[in-house]
Amino acid sequence: MSCKHYKNSPQKYYKIISLATFVTLLYACSTTKKVPDGEYLVTENKFEFEDKKQPFDSELKGYVQQKPNKKQFLFMPLSLLLYNAANPKYDTILNEYMTYPSEMRTQKLRDSLFIKYNMKSSVGKSLLMDRLYHNWGSPPVILDQTKVDKSAESIKKRLIYRGYWDADVKFKTKIDSAAKKAAVAYSINHQDPTYIKEYYYNISDPFIKNLYQQKINSTLIRSGQILDQTVLEKEVTRINEIMRDYGYYKFNNLNDEVYFVADSLKSRKQIPLTLEIHKDSINTPYKVATIGNIDVAIIHEAGDLRKNTIKDSLRGIRFHKVDDQYQTRSIWRNIIVGHKQVYDQKKLDLTKRNILSMNNFSILKAKDSLRQGGGTSPNDSIVDVLYLLKPLPKYELKLGTDINYSQLLNLGVSPSIDLTTRNVFKGAENLSTSLSGTFGSIRSTRDISQRVLAYEISAQASLNFPRLLLPFDYYKLIPKRYSPTSSIVLGAAIQNNIGLGRVNFNTGLNYLATVNDKVSHRLTLFNTQLSLTKNKSAYYDFFTNDRILKDEVFDNYFQYKSVVDPNYQSSNYTIDEISQQIVTDTNYQNSLDQKGTDLFTAFRGTLVNKDRQTQDVLISSVIYNFIYNEIGKKDYPNALYFNGKVELAGNALSVFNRRRNDGGGVVTSPQRTIFGVPYAQFVKFDIDVRKYFKFNGNQTLVLRQFIGLGIPYGNSSSMPVIRSYFNGGSNDIRAWVAFGGLGPADSQVDERVRTYMTDNLKLTTNIEYRLPFNDMYEGALFTDIGNTWSLRDYNDGFNDEFKFNKFLGQVGVGSGFGLRVNIAYITLRLDFAYKIYDPNRPNGDRWRFKDFQPFKPTLNLAFGYPF
């Protein structure tokens with residue numbers, strides 16, 4: 001830091017320093033404000049381990065009865081500060097006041113409490129602020145030695161439960177009498193655990209035994225393991241799910257049919273363990289249950305079922321309807337469970353999910369039970385199913401405003417109006433229409449240090465069908481359990497973001513099949529997008545860096561060929577005509593020195609950008625998307641996410657037109673058109689793979705790899721700009737902002753040109769380590785690696801062709817740290833990123849350590865996790 005900077009720092013930052021000092025003093029003075037004399041505020045629970053720490057030890061803090069007041073705002077106990085802000089003389093009154101139901105909390109009640117506690121002078125006071133402080137806040141946690149003793153006992157019991165039968169737990173309380181604060185330290189010695197010496201199973205029912213033996217390879221229990229009862233619980237759950245999936249209705253429903261016996265007579269360290277499965281004390285055999293009656297009622301009230309309902313049936317399912325508002329077949333498609341099928345709990349759960357996903361009904365009742373008289377055969381193995389469905393309102397109007405974030409648009413406001421019209425054709429079809437807008441700011445193309453207004457206004461209509469729109473019966477190919485749906489989408493949008501605005505029209509036919517809670521397939525046919533560029537003639541008004549380069553080259557060319565200048569000045573030649581003349585004048589190019597050649601190469605890059613940014617394009621494609629997602633599934637702590645997408649565009653349109661009649665751009669070749677608009681031909685692949693590793697309880701290591709590849713062919717020599725790849729942004733390589741000068745490859749073209757260049761190959765690797773501080777705050781360390789390339793050398797001087805022997809030295813590398821703040825259901829993310837390796841700097845200056853400026857990171861503000 002320079003002397004000058006150091007000198008000015010106190011003046012520059014005195015407000016921040018003053019605020020920090022004030023907050024610190026406030027925190028120190030007010031936390032014990034309502035701690036009585038002789039009592040102590042619990043500020044910390046420490047865990048000290050005398051031997052090796054175990055992976056589950058992080059859960060032990062949950063067994064402490066007294067936890068310090070939670071810290072939220074600036075890592076301070078905000079709720080405690082709010083509680084302390086209330087006038088202490090009213091604490092007793094407010095404590096009693098809050099025990100009454102909300103409808104009784106009136107001024108009359110407050111006045112009666114004032115009189116009860118001899119505060120007649122306060123009668124009539126509303127205590128509004130004190131009530132708010134008291135209600136929003138939480139009282140100080142006062143040290144209770146009895147609860148500390150019980151906490152130590154609970155911790156020891158948990159350790160025994162985890163297989164450490166000889167564990168020892170001690171505690172020590174550190175008291176600061178002057179500060180009225182206390183910290184409790186729990187000292188834990190695990191000792192040697194108890195192991196499973198041999199594992200046996202005793203199952204009286206031969207069918208249950210045979211089924212268990214078939215699945216024994218996936219058992220969670222092995223000889224030599226620690227005798228951890230949480231593992232035994234998971235094994236019981238696994239067995240229950242297996243048996244219920246194979247038709248054993250309510251197997252172990254009371255948790256008394258499956259249990260383990262541990263023989264500790266001979267040893268406390270090596271224990272034989274036996275799995276016992278018995279229906280009852282006399283070993284009554286289990287029965288496989290089948291589905292009996294399936295009744296689906298569409299009614300307005302639960303009592304309507306027995307009244308004037310119209311009865312219908314389809315393939316073993318009985319329907320009861322108060323009117324013909326819904327076609328029977330439209331509901332039948334979503335009932336996965338079938339008459340006389342073997343009972344399967346998963347099918348019942350899937351049926352409920354399908355009904356709710358139709359967005360046409362609320363479920364008043366979903367019941368499965370043994371047939372009346374189920375204590376005797378055959379009713380003891382027949383399960384009847386009943387669904388009571390209440391139609392949702394025909395129309396639903398929603399008004400909303402969201403906080404929006406995107407790679408280009410930092411923070412924006414997104415108001416929307418959505419209207420849902422249900423059951424349009426009596427087949428549970430829903431028509432969703434919406435009008436929405438996004439308003440925010442982006443980096444100005446005229447001056448990248450400034451931000452300008454950006455917006456997008458769109459109208460969208462989507463007709464959703466709870467079935468596949470196909471001219472044949474598809475259930476033999478695609479089972480009902482895949483919950484297939486279709487939608488027809490039609491939309492229009494007008495946007496103004498990077499420089500020139502665009503008007504977009506889109507339509508498509510979407511098919512979706514959900515195989516299970518992890519796997520889904522989406523196919524989009526006739527995915528058509530028409531993108532029209534606004535204000536084409538104003539390109540150089542928006543992209544001022546391109547204009548500066550253009551003016552320099554024009555001046556040089558006019559000096560080389562002076563006869564052109566007068567014609568240009570008199571408007572006999574347009575800018576594009578002069579530009580085309582320059583790029584085709586080989587004699588002029590051969591006359592340039594190295595500096596002039598570099599300038600010409602940059603100029604040619606601006607023309608490529610101009611052609612692509614101003615091009616109208618029609619894209620008609622087929623898209624297939626496969627998703628495998630383990631995120632959020634309790635059985636997959638180390639979750640895997642895979643998203644693969646392939647898009648094939650332009651082949652259908654090429655049949656209708658083979659004339660190249662659009663004239664092309666300044667440097668791009670003429671293309672075939674439909675109604676005067678060039679159509680794109682390409683194939684595009686996107687692969688997004690993520691792996692999450694959980695360790696030490698709640699810490700996470702995330703690895704992500706993105707591969708994007710676009711291959712233009714036929715009518716396209718390059719990818720449309722709206723399907724191309726760029727670098728930077730809060731979900732990408734965070735040390736660079738979106739269109740912030742990274743790439744393509746290690747090109748040395750003028751950054752003013754490279755900034756808005758896109759390419760058709762992208763590789764991005766992200767590594768992020770996440771460490772929660774508490775329930776509200778989470779820290780992160782990350783490294784992002786990647787860049788974009790061209791698939792081939794266009795002899796344009798950009799040097800952006802992908803080569804296997806070079807690409808590792810052409811990737812940009814950024815690292816940094818971040819903070820995540822979890823507020824309700826929203827995660828606010830702040831990432832501070834630094835450039836580590838910049839491939840577009842000259843050789844010898846690409847590693848940025850010597851220019852590292854810790855107080856000048858690239859700041860990324862976003863909502864949600866980046867991946």
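**Close-up views of a predicted model**

View 1. Pro 415 counts as partly exposed because its relative accessibility is 31%, where buried means under 20% relative accessible area, exposed over 50%, and partly exposed in between (1.4 Å probe, protein chains only). This is a predicted model, in which local features need pLDDT of at least 70, side-chain atom pairs count only at pLDDT 80 or more, and totals for chains, interfaces and linings use all residues. Residues are numbered from 1 along each chain as its sequence is written, and side-chain values use heavy atoms, with hydrogens and water left out. Pro 415 belongs to strand β13 (residues 411–421); strands (E, at least two residues) and helices (H or I, at least four) are DSSP runs numbered from the N terminus. Leaving aside neighbours within four places in sequence, the contacts of Pro 415 (heavy atoms within 4.5 Å) include Gly 400, Thr 401, Leu 435 and Phe 439.

**View 2. An open sheet of five strands.** The strand order is β8-β9-β7-β11-β10, with mixed pairing; two strands pair if DSSP finds at least two bridges between them. β8 (310–314) and β10 (361–370) stand at the edges with a single partner strand each, so one side of each has no neighbour in the sheet.

View 3. β10 and β11 (residues 382–391) run antiparallel and are joined by nine bridges. Ile 363 has Leu 389 in β11 as its bridge partner. Helix α10 (residues 345–357) packs on the sheet and touches β10 and β11, its direction making about 165° with that of β10. Axes are lines fitted to C-alpha atoms, for helices over the stretch in contact, and angles run from 0 to 180 degrees between N-to-C directions.
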